[in-house]
Amino acid sequence: MTIAIYPGSFDPPTLGHLDVIRRARGLFDELRVIVAHNPAKAGLLPPETRIELLAEAVPSGVRVEAVDGLLADYCRDHRVSVIVKGVRSAADFAADLPEALMNRHLSGVETAFVLGDPALSHISSSLVKVIAAAGGPVADLVPAAVAARLKEKM
């Protein structure tokens with residue numbers, strides 16, 4: 001059985017994330033969405049909220065959970081074979097490649113790069129936060145529950 005994980009901060013989850021999740025779900029026996037803590041990123045939504053919002057939005061059979069510590073350790077401890085990374089552009093690939101190589105070095109796990117839908121490639125969590133903070137419309141960038149939560153938060 002091939003277990004894959006799709007890690008990210010998902011702060012907030014976007015329609016681009018859901019596109020990658022939907023397509024990756026069809027490629028592996030099991031897909032887990034991992035809400036990871038990235039100390040380099042200031043979080044808007046607490047991890048528990050991100051998990052809740054993702055759990056509402058992902059397809060049936062996809063598990064959502066948090067992980068603290070190294071992703072490579074999680075992969076080794078949970079028999080994960082593949083890390084899924086969504087790629088919108090060459091810049092995304094360039095940024096994710098060193099991490100993929102390090103994860104393989106630390107745990108032997110491979111990374112599968114899933115190309116994002118070009119119609120959604122302009123969406124990023126960072127831009128969604130900027131738009132939401134300015135009171136702009138985000139309903140066509142994120143799931144409905146996320147848009148409502150951002151409106152409350154801002």
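1. Both Y6 and F10 are buried, a term that denotes under 20% relative accessible area, with exposed meaning over 50% and partly exposed lying in between (1.4 Å probe, protein chains only). The ring centres of Y6 and F10 are 5.3 Å apart and the planes stand at 75°, so this pair is edge-to-face. Rings of Phe, Tyr and Trp (its six-membered ring) pair if their centres lie within 6.5 Å; planes under 30 degrees apart count as stacked, over 60 as edge-to-face and the rest as tilted.

2. The model is a predicted one, in which local features need pLDDT of at least 70 and side-chain atom pairs count only at pLDDT 80 or more, while totals for chains, interfaces and linings use all residues. Residues are numbered from 1 along each chain as its sequence is written, and side-chain values use heavy atoms, with hydrogens and water left out.

3. The structure holds 2 aromatic pairs. In the pair of F93 and F113, the centres are 4.9 Å apart and the planes at 65°, so it is edge-to-face. Because F93 belongs to helix α4 and F113 to strand β5, this pair ties together parts that are 20 residues apart in sequence. F93 counts as partly exposed, at 36% relative accessibility, and F113 is likewise partly exposed, at 27%.

4. The largest nonpolar core comprises 18 residues, and Y6, I21, L31, V33, L54, V58 and V84 have the most contacts inside it. Such a core is a set of buried Ala, Val, Leu, Ile, Met, Phe, Trp, Tyr and Cys residues joined through side-chain atoms within 4.5 Å. Two or more residues each are given by β1 (3-8), α1 (15-25), β2 (30-36) and β4 (82-87), and α1 supplies the largest share, 4 residues. Another core, of 12 residues, lies apart from it and includes I123, V138, V146 and L150.

5. H17 is placed in helix α1; helices (H or I, at least four residues) and strands (E, at least two) are DSSP runs, numbered from the N terminus. At 16% relative accessibility, H17 counts as buried. Not counting residues up to four places away in sequence, H17 touches Y6, F10, P12 and S125, where contact means heavy atoms within 4.5 Å.

6. In helix α4 (residues 90-107), D92, D96, A100 and N103 are buried. The buried residues of α4 pack against α3 (71-77), β4 and β5 (110-115). After α4 comes G108, whose phi is positive, near 85°.

How values were computed: Expected span 1.5 Å × (residues − 1).
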